[in-house]
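Hello,

Here is the structure I promised to pass on to you. Have a look at it first, and then read my notes below.

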Amino acid sequence: MDSRSINLRGFAGSAGKNIMQGIGGFVFGNEASESKEDSYVERFLDRISNGTMPDDRRSAMTELQSLVAESRSAQMSFGAMGFPVLLNVLKEDREDVELVRGALETLVSALTPIETSQGLKTEVQPASMNSDLLSRETDNISLLLSLLTEEDFYVRYYTIQLLTALLTNSLKRLQEAILLIPRGITVLMDMLMDREVIRNEALLLLTYLTRDAEEIQKIVVFEGAFEKLFSIIGEEGFSDGGVVVQDCLELLNNLIRNNASNQMLLKETMGFDPLISILKIRRGSAFNFTQQKTVNLLGALHTVELLLMGGPPGETGKDTSKITNQTALAQRNILDHLLLLGVESQWAPVALRCTALRCIGSLVLRNPQNLDSLASKQVGEEPHVQPALNAILAIILRTSVAQEFVAADYVFKCFCETNPNGQALLASTIAPHPSQGTATHGASSDMPFGSALLQALVSSDVNGDMEACCRASSVLTHIIKDNLQCKDRVCSLATFHCLNFTCTK
């Protein structure tokens, strides 16, 4: 029997109509209006299902889509009786591209919430109920995925919009269904190579699907996600690109978060050069930090943070993964880019500077080679060049932003942790500077690290800044922690300073 001969009136007149009227009347409280729109929806569905004239069926589909897009009660009516009809169109009428487009657009409208100024926020949302109905059957999801292989652009576009709409209310169910469908994820990954509009929708869809879904993450990576994502990022202009770069980085971060195996695959397949390319900025680009560029750079820095965290807490091999990533990133000279963003670019947004500083700390933590590299780094341009640690100390002493102090202090915490040689190096410079009596508080570019620290430590309300003294004390705590040699030096210096102060009095 031809599928179009389904007697819709019989379906709607019994269970479907009763469900609609019962739920719809309870939710919206206007049965007369409900009944009227129910009648319209039923009439359009009857023409679509039983009509013999193609033009009339298409016209009915257009009218149905318009009604469902504008009326919540029509959405409710459609959910009670419309899915079997429109899903049947998607199965049996593939040759009628215009009708299939209309069916998909109508389904998207049925799953899209309609905002109203009236009604309680606790009301049942028809769009949510319709999402639940459509996602209950794995066969429905399989049918939609099959439409992504159709040649028509709009069929693919509306299909991916429909899948994205399903995610809003049925994420777990959709994740489970796609895992059960052969080549389901493969089809979605192919959309990343489609036309720009569809590619962008696919990015959002995959970003939702990969959240807290390790199995899906593995398959997405196996299907070449890293290569495709960095290819798109490069085409869009790296950090200078638009929101598409942001979406790519969000998906990338989903794939490597607490996932040591995916991090290893990224390192072995693509390497970290593409990531470094996103972090590159021109020195002195004071007016180049647009809002979108800042968001893109923050996304890339978050990728670095995830790599420096390694695998999930407590997992065997977490530290190995972290150390491997530290070494690989350092070999690509990431420290230079982090210092430029976090230390030298004081015109950059605060969030960007703070995140870059945290990355510097995590990069050197318990890594002897990276610690030595930071200790020897110089920042700035001739003739205003100074050691990187001096510049970070200057940020600690001078910044008016609390979170920037915390981020810069974290660098010294990481530098000094299990690093007695580094602690000794910093402690060895603690001595009065010839210009200390006339210099203002804080670190100057020509003053040794320890002298700048000491100047802040001995400041008073008269000739200094008590807040700078407290911040310097925090740095000193890191230098002497679990290091008897450094403690002795500081104690000796403190005794000398007190005696000298008494004599001058």
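**Confidence first**

In the protein chain of this predicted model, confidence is highest in helix 20 (residues 350–364), with a mean of 98, and lowest in helix 1 (residues 8–28), where the mean is 40. Residues 438–442 have a pLDDT below 50, yet this stretch has ten contacts in the model beyond near neighbours in sequence. Over residues 501–505 the pLDDT also stays under 50, and here the model has zero contacts beyond four places in sequence. Where pLDDT is low, the predicted coordinates should not be read in detail, so please keep that in mind if you plan to work with them. For the protein chain as a whole, the mean pLDDT is 86, and 84% of the residues reach 70 or more.

**The nonpolar core**

The largest nonpolar core holds 147 residues, and the members that touch the most others are Phe78, Leu90 and Leu374. Helix 9 (residues 153–180) supplies the largest share of this core, with 13 residues.

What does Phe78 touch beyond its neighbours within four places in sequence? Its contacts are Val41, Leu45, Leu64, Val68, Phe83, Leu86, Thr106, Leu107 and Ala110.

**A glutamine in helix 4**

Is Gln75 buried or exposed? Gln75 sits in helix 4 (residues 72–81), and its relative accessible area is 1%, which is under the 20% cut-off, so this residue counts as buried. Setting aside neighbours within four places in sequence, Gln75 is in contact with Val68, Ser109, Ala110, Thr112, Ile114, Pro126, Ala127 and Asn130.

Strand 1 (residues 378–381) and strand 2 (residues 384–387) run antiparallel and are joined by four bridges. Together they form a hairpin, with two residues between the strands. Which residue of strand 2 is the bridge partner of Glu381? That partner is His384. Further along the pairing, Gly380 stands opposite Val385 of strand 2.

Best wishes

Notes. Residues are numbered from 1 along each chain as its sequence is written. This is a predicted model: local features need pLDDT of at least 70, side-chain atom pairs count only at pLDDT 80 or more; totals for chains, interfaces and linings use all residues. Side-chain values use heavy atoms; hydrogens and water are left out. A nonpolar core is a set of buried Ala, Val, Leu, Ile, Met, Phe, Trp, Tyr and Cys residues joined through side-chain atoms within 4.5 Å. Buried means under 20% relative accessible area, exposed over 50%, partly exposed in between (1.4 Å probe, protein chains only). Contact means heavy atoms within 4.5 Å. Two strands pair if DSSP finds at least two bridges between them. pLDDT is the predictor's confidence in each residue, from 0 to 100.
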